[in-house]
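This report covers the aromatic pairing, the accessible surface and the helices of the model shown here.

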Amino acid sequence: MKMFNLIDIGEHAGSGVPNIFNVWEDEGWEEPVIEKALIRTERH
């Protein structure tokens with residue numbers, strides 16, 4: 001994958017989220033809401 005990034009045709013980590021918002025806007029859909037929940041779990 002790095003070889004594609006070197007010639008600027010690869011995806012970069014995290015680049016997908018802005019693309020999601022762009023597609024939703026282009027389609028005229030209501031902007032998605034991103035929610036974050038922190039869940040504590042026991043570690044053994």
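The count comes to one aromatic pair, where rings of Phe, Tyr and Trp (its six-membered ring) pair if their centres lie within 6.5 Å. Trp24 and Trp29 have ring centres 5.3 Å apart and planes at 85°, so the pair is edge-to-face; planes over 60 degrees apart count as edge-to-face, under 30 as stacked and the rest as tilted.

The model is predicted: local features need pLDDT of at least 70, side-chain atom pairs count only at pLDDT 80 or more, and totals for chains, interfaces and linings use all residues. Residues are numbered from 1 along each chain as its sequence is written, and side-chain values use heavy atoms, with hydrogens and water left out.

The protein has 44 residues, of which 2% count as buried. Buried means under 20% relative accessible area, exposed over 50%, and partly exposed in between (1.4 Å probe, protein chains only).

| Residue | Relative accessibility | Class |
|---|---|---|
| Trp24 | 30% | partly exposed |
| Val23 | 44% | partly exposed |
| Trp29 | 47% | partly exposed |

The protein exposes about 4900 Å², with 55% supplied by carbon and sulfur atoms; accessible areas come from the Shrake-Rupley method with a 1.4 Å probe. Ile20, Val23, Trp24 and Trp29 make a nonpolar surface patch of about 390 Å². Such a patch joins nonpolar side chains (Val, Leu, Ile, Met, Phe, Trp, Tyr) within 5 Å, from residues with over 30% relative accessible area and no salt bridge (a side-chain nitrogen of Lys or Arg within 4 Å of a carboxyl oxygen of Asp or Glu).

The secondary structure comes to two helices and zero strands, taken as DSSP runs numbered from the N terminus (helices H or I, at least four residues; strands E, at least two). Val23 lies in helix H2, residues 16-27. Gly28 follows H2 and has a positive phi, near 80°.

Key
Patch = residues over 30% accessible without salt bridge, like charges linked within 9 Å, V, L, I, M, F, W, Y side chains within 5 Å.
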